[in-house]
Protein chains: 2
Amino acid sequence: MSSADQISILADAIRAGSMRAIAHGITIVEQGGERAHLLLQRIHGGGGHARVIGFTGPPGAGKSTLVDQVAISFRRRGYRVAILAVDPTSPFTGGAILGDRIRMTTVVEDPTVFIRSMATRGALGGLARATFDAIAVLDAAQFDVILLETVGVGQVEVDVVRMVDTCVVVLVPGMGDTVQAFKAGILEIGDIFVLNKADREGAELLARDMRLLLSLESRVEGSWEQPLERAVATRGEGVPRIVDKIEAHTSFLLNSGEGKARRRRVIETSILRIITEKIAREILTNQRAVLDDVVAECEQRQLDVYAAAQRVLEGLQGKGILGGT
Amino acid sequence: MSSADQISILADAIRAGSMRAIAHGITIVEQGGERAHLLLQRIHGGGGHARVIGFTGPPGAGKSTLVDQVAISFRRRGYRVAILAVDPTSPFTGGAILGDRIRMTTVVEDPTVFIRSMATRGALGGLARATFDAIAVLDAAQFDVILLETVGVGQVEVDVVRMVDTCVVVLVPGMGDTVQAFKAGILEIGDIFVLNKADREGAELLARDMRLLLSLESRVEGSWEQPLERAVATRGEGVPRIVDKIEAHTSFLLNSGEGKARRRRVIETSILRIITEKIAREILTNQRAVLDDVVAECEQRQLDVYAAAQRVLEGLQGKGILGGT
């Protein structure tokens, strides 16, 4: 059986919802390359109705527990749920950190909930590309809701969060200066804010600060008003209200046209990412000699990096590599 | 006077060490494009002996104070010092956060110390590219030591930190689980570890944990042994020892050949970044119509993103755009 046949069979199994096939499919897209491309072509056309809900916030905010509770709540409402935990900040382990910690038993023991951790070390947007592709696999497998959990609020996290339909930002009291946290960019990326561990000291003050900052946001007529919800995720408190807000945001996306605009941006970014990744890979493999030459000349200060880049580009063009395959 | 003439005059002024010219030069490279390229060509060939020392760690670790103290210490040893504070996590403000907070008077009042904050919102590695170019400007201006301060340990921070000759990781007691922090990749990127606020509760325990984790690192004969230094930066305690360790690491880089290998990697990454940025810009401007077409087809599920990327690439190739100018 050819590799293409195997991929076609895998694609069918993914579409049929086989958990084993889905897991294998995500491993393939994580690795990237031709097989990943082939799989994505095969599953393309299926799916298309999954909602992607992102959860972000500082480490220790209780995101995983909240995600588990939200998953349970969506399950109770009859939806098929997948959890994708993305860990971009692990160059040290090279593996997923999020996968290490214990998820709630109720979620893990539910055989219909798909759970997967992802971590990729590749430079130049590898993780964002892999996450986008993994979402495509889960979408093809007919999940209704994909919960995407990320660590921190750095640029990669922002890239990942920009792939979602709805972004939930999770904060907790005692994480230091609120203003500092807000400056880190969360106000712009959050559709829904959750103040987790709301029974802790400092929750009142944080809620007040956040309400003030949210009220300062410039808002046009008919735009989405970012809600602030309190929760104690470990006890499930506040979770149904959060899920209600997610549902409300889904309706907003649908009715306002904002949902369509977001999807379009996601596709566009994804295409640009594939192009730049492909070119970088081509240079690092087949154009290695040219690259080594110009790097040596830059080292000896005979060439600046911009002129070096131009020479590598001309080499690519001359060989007709970019338009090939 | 032509724009090229103006840039040549600016380049001369930068090389002569004019603080105003340096600041203007960095603004130009922040903006990118043709003028930036021209300036970098003009200053190219000068400089080349500046050491870049990176400081990273979680918000609240006291990095800024430590950087200021290290700057003072280097000044006392007779070096010319520049401070570059890079803030990749500020999509919200669009401006530099680090610039907001008050630096130590001793540093700010020293007219020979150049201080600048940078924050860029651009996707696809814009900040890393701008930081690399700003370092080139400071290098051309004959600074001996460039202190590069970054926030957090996300992927962009890792990208920026990979540009430095020596990376100092700053930690403090009470930032939560040590193991969690180490999993976030800092063990791999740090050449020198500083336990700041060492007079605080929990410092002993953190030092023990860190020593244990550092001892687990696989180390080959003749490689650098990452030191752990204690400091109370606000009182300047421990700072001379940290500067000694930086000097020792500089010698190690020089004698081992590791310094040369690092510089080569920095140049290579920089070239790849320029190429991918250039291609992305070309697509988003001159190929806008083609891009919009394929995005629309992807939206309607007539095309997958990989096939879409291929079509955009073929358009670029066909028009001979990549090899042009």
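This is a predicted model: local features need pLDDT of at least 70, side-chain atom pairs count only at pLDDT 80 or more; totals for chains, interfaces and linings use all residues.
Me: What hand does the crossing of α3(B) and α6(B) have, and how do you know?
Reply: α3(B) passes α6(B) in a left-handed crossing. The axes of α3 (residues 33-43) and α6 (residues 126-140) of chain B come within 10 Å and cross at roughly 35°. Axes here are lines fitted to C-alpha atoms, for helices over the stretch in contact, and angles run from 0 to 180 degrees between N-to-C directions. Helices are DSSP runs of H or I with at least four residues, strands are E runs of at least two, and both are numbered from the N terminus.

Me: Which residues in α3(B) and α6(B) meet?
Reply: B:Ala36, B:Leu40 and B:Ile43 in α3(B) meet B:Asp133, B:Ala136, B:Val137 and B:Ala140 in α6(B). Contact means that the C-beta atoms, placed from the backbone, lie within 7 Å. By class, that contact has 6 nonpolar residues, no polar ones and 1 charged. Nonpolar covers Ala, Val, Leu, Ile, Met, Phe, Trp, Tyr, Cys and Pro; Asp, Glu, Lys and Arg are charged; the others, Gly among them, are polar.

Me: And in chain A, at what angle do α1(A) and α3(A) cross?
Reply: Helix α1 (residues 3-15) and helix α3 (residues 33-43) of chain A cross at roughly 45°, with axes within 9 Å. That makes α1(A) oblique to α3(A): angles under 35 degrees count as roughly parallel, over 145 as roughly antiparallel, 65 to 115 as roughly perpendicular, and the rest as oblique. The crossing of α1(A) and α3(A) is right-handed, and their contact has 8 nonpolar, 2 polar and 3 charged residues.

Me: How do you know whether β2(B) is covered?
Reply: Count its buried residues: 6 of the 6 residues in β2 (residues 81-86) of chain B qualify, so the strand is mostly covered. A residue is buried if 20 or more other C-beta atoms lie within 10 Å of its own, exposed if 12 or fewer, and partly exposed in between, again with C-beta atoms placed from the backbone. B:Val81, B:Ile83 and B:Ala85 sit on one side of β2(B), and B:Ala82, B:Leu84 and B:Val86 on the other.

Me: What makes β2(B) and β4(B) a pair?
Reply: Two strands pair if DSSP finds at least two bridges between them. β2(B) and β4 (residues 145-150) of chain B have 6, in the parallel sense, so they pass. B:Val81, for one, has B:Val145 in β4(B) as its bridge partner.

Me: Which order do the strands of the open sheet take?
Reply: The 7 strands run β3-β2-β4-β1-β5-β6-β7 (chain B), with parallel pairing. β3 and β7 (228-230) of chain B each have a single partner strand, so they stand at the edges, one side of each left without a neighbour in the sheet. Neighbouring strands of this sheet are turned by 20° against each other on average, direction ignored.

Methods: Residues are numbered from 1 along each chain as its sequence is written. Chains are lettered from A and ligands numbered from 1 in the order in which they are written. A crossing is left-handed if the near helix is turned anticlockwise from the far one by less than a right angle, and right-handed if clockwise. Two residues are in contact if their C-beta atoms, placed from the backbone, lie within 7 Å.
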